[in-house]
Amino acid sequence: MSRVFLILSAAFLMLAAACTPTTESGGSSAYRIRNAGKVQLRMLDSVNSLRQASTAPQVQLNAQLNAAAATHSRDMSVQNRPWHFGSDGSSPLDRVARTGYTGSVLGENISETYENELQTLTAWMEDASTRAVILDPKATNMGFSWFQEPNGKIWWTLVMAN
């Protein structure tokens, strides 16, 4: 586990340049995502480092899975609750199928935070069920996206599939 901690620590330092802490009216610190085009690549690199440490094969970003993740992140914000069902009753399987992805969905991780993506990944790795999704050795593709509200709250979605 110390190897995983070192990998996440190094990745967190790289992230510091991409997120700017701001103070909201309530005095809490929220991260504003800058360089949004790099967020998915940082998450992919971090996930693949963790997978390598656990001897799982690397995954690739998939545009269809990214689209399903983006749609769900925005929808969770609209619903104002983190859960795996869309406002139309859709499941992760339904959302991925709508994008035209023909593989199998292995799992979906979601979160609502004011934290950056690597802090969110760290929290997912601390929970056995969400860690299992990230490290599933059958996964070959990953989708990852988010929606940030004006107040700084970020809704994260990660989808693993093959």
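## Close-up views of the predicted model

**View 1. Strands S5 and S6 form a hairpin with five residues between them, and glycine 152 in the turn has a positive phi of about 100°.** This is a predicted model, in which local features need pLDDT of at least 70 and side-chain atom pairs count only at pLDDT 80 or more, whereas totals for chains, interfaces and linings use all residues. Residues are numbered from 1 along each chain as its sequence is written, and side-chain values use heavy atoms, with hydrogens and water left out. Helices (H or I, at least four residues) and strands (E, at least two) are DSSP runs numbered from the N terminus. S5 pairs with S6 (residues 154-161) in the antiparallel sense over eight bridges; two strands pair if DSSP finds at least two bridges between them. Glutamine 148 has isoleucine 154 in S6 as its bridge partner.

**View 2. S5 lies within an open sheet of four strands, in the order S3-S5-S6-S4, with mixed pairing.** S3 (residues 60-61) runs parallel to S5 and is joined to S5 by two bridges. Asparagine 141 in S5 is the bridge partner of glutamine 60, and methionine 142 in S5 stands opposite leucine 61. Helix H2 (residues 36-53) packs on the sheet and touches S3, S5 and S6; contact means heavy atoms within 4.5 Å. The direction of H2 makes about 135° with that of S5. Helix H3 (residues 63-79) also packs on the sheet, touching S3, S4, S5 and S6, and its direction makes about 30° with that of S5. Seven of the eight residues of S5 (residues 141-148) are buried, so S5 is largely enclosed by the rest of the structure. Buried means under 20% relative accessible area, exposed over 50%, and partly exposed in between (1.4 Å probe, protein chains only).

**View 3. Arginine 42 and glutamate 117 form a salt bridge, with their closest N and O atoms 3.0 Å apart.** Arginine 42 belongs to H2 and glutamate 117 to helix H5 (residues 117-126), so the pair ties together parts 75 residues apart in sequence. Both arginine 42 and glutamate 117 are buried. A salt bridge is a side-chain nitrogen of Lys or Arg within 4 Å of a carboxyl oxygen of Asp or Glu, and by this rule the count comes to four salt bridges.

**View 4. The side chains of glutamate 112 and lysine 153 meet in a salt bridge (2.9 Å, N to O).** Glutamate 112 lies in S4 and lysine 153 in the loop between S5 and S6, so the pair links parts that are 41 residues apart in sequence. Glutamate 112 is partly exposed, with a relative accessible area of 31%, whereas lysine 153, at 12% relative accessibility, counts as buried.

**View 5. The axes of H5 and helix H6 (residues 128-135) come within 5 Å and cross at roughly 110°.** Axes are lines fitted to C-alpha atoms, for helices over the stretch in contact, and angles run from 0 to 180 degrees between N-to-C directions. H5 and H6 are therefore roughly perpendicular to each other, a term for angles of 65 to 115 degrees. Leu121, Trp124, Met125 and Glu126 in H5 meet Ala128, Thr130, Arg131, Ile134 and Leu135 in H6. The residues of this contact divide into six nonpolar, one polar and two charged. Ala, Val, Leu, Ile, Met, Phe, Trp, Tyr, Cys and Pro count as nonpolar, Asp, Glu, Lys and Arg as charged, and the others, Gly among them, as polar.

Terms used:
Parallel < 35°, antiparallel > 145°, perpendicular 65-115°, else oblique.
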